[in-house]
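I opened a structure that was new to me and kept short notes. Here is what I looked up, entry by entry.

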Amino acid sequence: MHGVISLNGVPPPKHAFGYCKSAGRTLRRADRIISESSPLLQPPLVLLTLGSAHNRRETVRDEGAQRPQLIYSRAFTLSAEQPGIVVDHGTTSLKEHVRKKMSEQKRRNKGKPLHNTNLYVDLLSTQWPIVYSSDYNISFLGLEKLHPFDSGKWGKIVHFLKEEKLISDETIVKAREAQEDDLLVVHTRRYLNKLKWSFIVATITEILPVAFLPNFIIQRKVLRPFRTQTGGTIMAGKLAIDRGWAINVGGGFHHCSSEQGGGFCAYADITLAIKFLFERVEGVSKAMIIDLDAHQGNGHERDFMDDNRVYIMDVFNRYIYPGDGFAKRAITWKIELDWDTEDSEYLQKVETQMSKALQEVTPDIIVYNAGTDILDGDQLGGLAISPQGIIKRDQAVFQAARKRKIPILMVTSGGYQRSTARIIADSILNLHQLQLIDQKVL
């Protein structure tokens with residue numbers, strides 16, 4: 001008989017015979033779910049759903065089972081040519097398995113010395129907790145123009161802020177590049193090694209000619225700017241705790257998780273900033289992510305899927321990339337928008353949901369992903385928010401944090417029009433005019 005599973009040497013009971021018409025499809029789906037759920041779960045692995053609400057279209061009929069459940073086995077592989085299945089009854093739910101593995105990992109890490117990092121710095125009294133480096137900007141033989149993202153917008157934001165005399169080179173914090181040990185706080189070594197393949201980076205950046213370039217050039221011209229922005233987000237996390245607020249002029253790579261990049265996001269800077277705070281800053285044990293980019297933040301959602309210390313509010317266009325149904329399970333407060341949503345509806349939904357979220361949870365820090373791809377006319381965002389609507393949105397988030405005296409870290413994330421740099425700068429200036437940000441400790 002095909003597909004007999006025996007866990008821990010215990011043969012399956014007679015009543016556990018089942019049949020799956022799409023066994024191969026179920027397995028492929030299962031392997032994808034498992035490999036993306038947690039780095040602690042690796043194939044070969046089987047996940048079958050016995051009439052579960054998680055996967056109603058692909059079920060296994062178990063005539064003797066009392067109730068549906070998720071099951072797993074590490075010692076069994078299945079192909080489309082093996083429709084007969086025997087399922088052991090003495091198994092554990094996938095969620096419980098993940099939680100148990102995470103708990104074991106925490107016990108192993110307890111007492112383990114933290115790696116040395118140069119990303120946690122102290123501010124001078126004359127400095128603003130605004131983090132930037134000219135190394136953020138990507139420019140190489142014009143290839144950056146093959147992607148709609150303005151890969152020089154970060155420098156333009158700082159230029160506008162300097163023109164308005166808000167900051168100078170001496171008063172902003174220069175971002176430092178995240179090193180491998182910093183990245184390994186979240187990323188697997190396997191994923192970081194993948195980035196040594198130009199084809200993988202081309203897929204992540206969505207610039208196909210990158211696949212044909214030597215990787216050492218990719219590391220210097222593409223990935224180093226990403227690593228520097230990632231370092232900037234980690235640095236801004238600590239500065240937000242120190243000063244009450246901080247802004248990384250770059251960052252917000254919310255499509256990247258510990259094991260997978262995509263959507264112009266190569267490093268999981270939001271996850272890294274939060275994990276650094278949990279590990280290194282006393283008193284930080286709860287975080288809230290408010291993700292207001294037009295796209296779903298599936299990267300940090302996958303990373304914090306089973307972490308009850310992190311609460312996620314995500315407001316996004318329901319019809320666009322990435323459409324990650326699995327990651328949506330991690331969202332605590334979810335608002336899915338329709339095409340061409342305008343200011344009044346958008347701001348009302350954001351402010352109402354944010355107020356509700358902050359009544360339910362008081363985090364130790366808010367990480368605010370302030371994407372400007374919600375702007376009317378953005379070819380990838382599909383929403384219709386005015387420049388003034390974006391400024392009002394940012395103001396509402398900072399007012400909510402200030403009112404409750406919650407430190408807030410802002411990252412700039414997506415925005416695919418040339419006008420977004422000016423809008424971001426105007427928004428920061430507005431925050432300053434309203435005394436929601438200043439050089440003093442809040």
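I take helices and strands as DSSP runs (H or I of at least four residues for helices, E of at least two for strands), numbered from the N terminus. Residues are numbered from 1 along each chain as its sequence is written, and side-chain values use heavy atoms, with hydrogens and water left out. This is a predicted model: local features need pLDDT of at least 70, side-chain atom pairs count only at pLDDT 80 or more, and totals for chains, interfaces and linings use all residues.

**Entry: positive phi**

I looked up backbone angles. Most residues other than glycine have a negative phi, and most peptide bonds are trans. K405 has a positive phi of about 55 degrees, although it is not a glycine. I found K405 in the loop between α12 and β12 (408-411). For accessibility I call a residue buried under 20% relative accessible area, exposed over 50%, and partly exposed in between (1.4 Å probe, protein chains only). K405 is exposed because its relative accessible area is 76%.

F264 is also not a glycine, and has a positive phi of about 65 degrees. F264 sits in the loop between β7 (245-248) and α8 (269-280). At 7% relative accessibility, F264 counts as buried.

**Entry: a cis bond**

Which peptide bond is cis? I found the one from Y321 to P322, with omega near 5 degrees. P322 lies in the loop between β9 and α10.

**Entry: R318**

R318 is in the loop between β9 and α10 (325-328).

I then listed its contacts (heavy atoms within 4.5 Å). Leaving out residues up to four places away in sequence, R318 touches E336, L337 and D338. Next came polar contacts: pairs of N or O atoms within 3.5 Å, where within protein one must be able to donate a hydrogen and the other to accept it, and residues adjacent in sequence count only if both atoms are side-chain atoms. The side chains of R318 and D338 are joined by one of 3.1 Å. The R318 side chain also reaches the backbone oxygen of E336, at 2.9 Å. H295 and R318 are 23 residues apart along the chain, and their C-alpha atoms are separated by 8.1 Å.

**Entry: helix α11**

I checked the length of α11 (residues 343-360). The expected span of a helix is 1.5 Å times one less than its number of residues. For the 18 residues of α11 that gives 26 Å, and the end C-alpha atoms are 26 Å apart, which agrees.

Which residues of α11 are buried? They are Y346, L347, V350, Q353, M354, A357 and L358.

**Entry: cysteines**

How many disulfides does the structure hold? I found zero, with a disulfide being a pair of cysteine sulfur atoms within 2.5 Å. The sulfur of C256 has its closest cysteine sulfur in C265, 6.9 Å away, which is too far for a bond. C256 counts as buried, at 1% relative accessibility. C265 is buried as well, with a relative accessible area of 4%.
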